[in-house]
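User: I'd like to learn how to read a structure like this one. Could you walk me through some features, with the general idea before each case?

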Amino acid sequence: MLGKADRENFPVAPFFLPRAWRTDLMAVYGYARLVDDIGDGDLAPGGTDAALLGVDPERAADRLALLDAFEADLWRVFAATGESPRHPLLRALRPTVRRCGLTPGPFLGLIEANRQDQRVRRYATYQELLDYCELSANPVGRLVLGITGTTSPERVRHSDAVCTALQIVEHLQDVAEDLGRDRVYLPAEDMARFSVTEADLAAPKANASVRALVAFEAERARDLLDEGSPLVGSVDGRLRLLLAGFVAGGRAALRAVATRGHDVLAGPPKPTKLSVLREVGATLRRER
């Protein structure tokens with residue numbers, strides 16, 4: 001599960017960070033990855049996670065039951081006394097929560113986003129999608145700020161813009177995969193505007209209308225990255241480099257989408273490591 005960290009568009013816990021930060025960031029990443037794997041039905045076969053969480057074997061495939069049990073185990077992380085968390089990833093999270101003074105809100109948001117994925121499979125408007133990103137993406141940035149002791153209202157606002165942008169970029173990269181899960185994160189109002197149907201999204205190659213829609217959503221993500229990028233210049237040292245990596249990862253992914261001609265249906269367009277490094281340099285120069 002933690003091995004998936006190197007597949008993200010952004011660096012999760014790069015080597016240049018202090019060891020304590022890397023440990024805490026990986027603990028939070030492990031939590032977020034597990035929640036997503038529960039919500040996507042991607043847990044390892046055999047029902048081990050369900051057993052750890054105390055879910056009846058007959059309900060081991062019930063995602064909502066698993067999420068409920070996971071939330072109950074999360075509260076054990078924050079409890080001052082009583083039973084320790086059952087799942088090893090939550091036991092690993094407990095020292096991070098205590099050391100950094102993290103609060104339950106962001107962790108609960110990630111669980112609720114995955115509950116929403118079980119109930120809501122289409123989004124009518126862009127605002128509805130932004131509301132979803134408030135649960136599914138923005139908590140991650142807030143946790144990074146909490147771990148590094150740099151939380152402030154302005155930084156949270158900029159972080160939310162960056163995290164929402166990264167979530168939208170991921171949705172654009174994964175249009176075909178998401179449709180295979182019976183999920184569409186392209187707002188219905190925008191699909192109608194560009195005369196795109198779900199049948200168009202199921203095609204092996206994007207037509208002109210799909211490419212125009214993807215380009216439109218990509219521009220929105222780019223604007224959000226620009227809105228949030230002052231976050232980079234608001235901090236110093238190695239944290240500045242980490243946050244530049246987040247912004248650069250989004251920009252490099254958008255460049256990969258554009259290079260593909262905004263045809264995302266054949267598979268997720270992924271940036272190269274070199275393109276990300278170039279974007280890191282550009283971001284650092286821009287946000288001096």
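Analyst: Gladly. Let's begin with what a helix label stands for: helices are DSSP runs of at least four residues, numbered from the N terminus. Keep in mind that this is a predicted model.

User: Which helix does glutamate 279 lie in, and is glutamate 279 buried or exposed?

Analyst: Glutamate 279 belongs to helix H15, which covers residues 273-286. For burial, the cut-off is under 20% relative accessible area. Glutamate 279 has 9%, so it counts as buried.

User: What does glutamate 279 touch, leaving out residues up to four places away in sequence?

Analyst: Its contacts are Ala248, Arg251, Ala252 and Arg255. Take arginine 251 as a case of sequence distance against space: it is 28 residues from glutamate 279 along the chain, yet their C-alpha atoms are 6.9 Å apart. As a general idea, an α-helix has 3.6 residues a turn, so residues three or four places apart point the same way.

User: How do I check the length of a helix, H14 for example?

Analyst: The expected span is 1.5 Å times one less than the number of residues. H14 (residues 237-259) has 23 residues and reaches 32 Å from first C-alpha to last, close to the expected 33 Å. Now try H8, residues 153-173: its 21 residues should span 30 Å, and the end C-alpha atoms are 30 Å apart, which agrees.

User: How many residues of H14 are buried, and how many of H8?

Analyst: In H14, 17 of the 23 residues are buried, so the rest of the structure largely encloses this helix. In H8 the count is 16 of 21, so that helix is largely enclosed too.

User: What is in the largest nonpolar core?

Analyst: That core has 80 residues, and Tyr31, Phe70, Leu93, Phe107 and Leu201 have the most contacts inside it. Helix H14 supplies the largest share of the core, 11 residues.

User: Where do ring pairs come in?

Analyst: Two aromatic rings pair if their centres lie within 6.5 Å. The whole structure holds 9 such pairs, and ring pairs link Tyr31, Phe70, Trp75, Phe78 and Phe107 into a cluster. A ring can also have a charge over its face: arginine 220 lies over tyrosine 126, at 3.7 Å from the ring centre.

User: How should I read a loop residue such as threonine 150?

Analyst: Start with its place, then look at burial and partners. Threonine 150 is in the loop between helix H7 (138-147) and H8. Its relative accessibility is 13%, so it counts as buried. Its side chain makes a polar contact of 2.9 Å with the side chain of threonine 148. Beyond four places in sequence, threonine 150 is in contact with Leu145, Arg155, Val235 and Leu239.

User: Which residues have a positive phi?

Analyst: Glycine 261, which follows H14, is one of them, with phi near 70°. Aspartate 182 is a residue other than glycine with a positive phi, near 60°; it sits in the loop between helix H9 (175-180) and helix H10 (188-193). Serine 195, also not a glycine, has phi near 55° and lies in the loop between H10 and helix H11 (198-201). As for accessible area, aspartate 182 is partly exposed at 38%, while serine 195 is exposed at 54%.

Notes
Residues numbered from 1 in each chain as written. Heavy atoms only, no water. Phe/Tyr/Trp six-rings, centres within 6.5 Å; stacked < 30°, edge-to-face > 60°. Lys NZ or Arg CZ within 6 Å of the ring centre and 35° of its normal. Helix = DSSP H or I, 4+ residues; strand = E, 2+ residues; numbered from the N terminus. Buried < 20%, exposed > 50% of the residue type's maximum accessible area, 1.4 Å probe, protein only. Polar contact = N/O pair within 3.5 Å; in protein donor to acceptor, adjacent residues only side chain to side chain. Contact = heavy atoms within 4.5 Å. Core = buried A, V, L, I, M, F, W, Y, C linked by side-chain atoms within 4.5 Å.
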